Amino acid sequence: QALSFLVKIGGDDPTVICKQYFSTDIDCDILGCIVNALHLLMCIVTNQENEQNDELKNVTNGLISANLLDIKSATEFMSSWLKALPGCGRFTLSLSFLTSEHEVRLKEVIKFIKDSIHINDNAGGKDYLCHYNVIV
């Protein structure tokens, strides 16, 4: 459900969304839901998600309509959210309170982005990932 929500508001800039809704505080539970959504997207585009229930089919249809089923678009989408989240209030505090499961998923998403050939290393293309060094 969180991934569907992120995709629906995906037309908006995640930075604007973070400033508008989370300028003073982002709860660790909300941060965890966003991490889960980005991880699910990563799994879908890399064909790691084999369970095809009705909810996942609806999410996949939403990804198709948002043009996020290719690795390049999905990586850019995940990257834009990871760039925006440190702008949320109390981000570092919420990051430190993620569950171990969320930490593992976030590490996998960050590794996926770091390994991606689709994000340009020039001009600070991946510099924003230093905000996540607390858990990586």
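Helices are taken as DSSP runs of H or I with at least four residues and strands as runs of E with at least two, numbered from the N terminus. On this basis the protein chain has 7 helices and 0 strands, and its elements follow the order α-α-α-α-α-α-α along the sequence. The structure is a predicted model, in which local features need pLDDT of at least 70 and side-chain atom pairs count only at pLDDT 80 or more, whereas totals for chains, interfaces and linings use all residues. Residues are numbered from 1 along each chain as its sequence is written, and side-chain values use heavy atoms, with hydrogens and water left out.

Of the 136 residues of the protein chain, 41% count as buried, where buried means under 20% relative accessible area, exposed over 50% and partly exposed in between, with a 1.4 Å probe and protein chains only. The accessible surface of the protein chain comes to about 7,600 Å², and 49% of this surface belongs to carbon and sulfur atoms; such areas come from the Shrake-Rupley method with a 1.4 Å probe, and for residues only the protein chains shown count as cover. With contact defined as heavy atoms within 4.5 Å, 79% of the contacts between residues at least 6 apart in sequence join residues at least 24 apart.

Helix α3 (residues 28-45) packs against helix α7 (residues 100-115) at an angle of about 50 degrees, with the axes 9 Å apart. α3 is therefore oblique to α7, since angles under 35 degrees count as roughly parallel, over 145 as roughly antiparallel, 65 to 115 as roughly perpendicular and the rest as oblique. The axes are lines fitted to C-alpha atoms, for helices over the stretch in contact, and the angles run from 0 to 180 degrees between N-to-C directions. From α3, the residues Gly32, Val35, Asn36, Leu38, His39, Met42 and Val45 meet His102, Arg105, Leu106, Glu108, Val109 and Phe112 of α7. By class, this contact of α3 with α7 has 7 nonpolar, 4 polar and 2 charged residues, where Ala, Val, Leu, Ile, Met, Phe, Trp, Tyr, Cys and Pro count as nonpolar, Asp, Glu, Lys and Arg as charged, and the others, Gly among them, as polar.

His102, found in helix α7, is buried, with a relative accessible area of 15%. Apart from its neighbours within four places in sequence, His102 is in contact with Gly32, Val35 and Asn36.

Arg90 lies in the loop between α5 (71-84) and α6 (91-96) and is exposed, with a relative accessible area of 55%. Although Arg90 is not a glycine, this residue has a positive phi of about 55 degrees.
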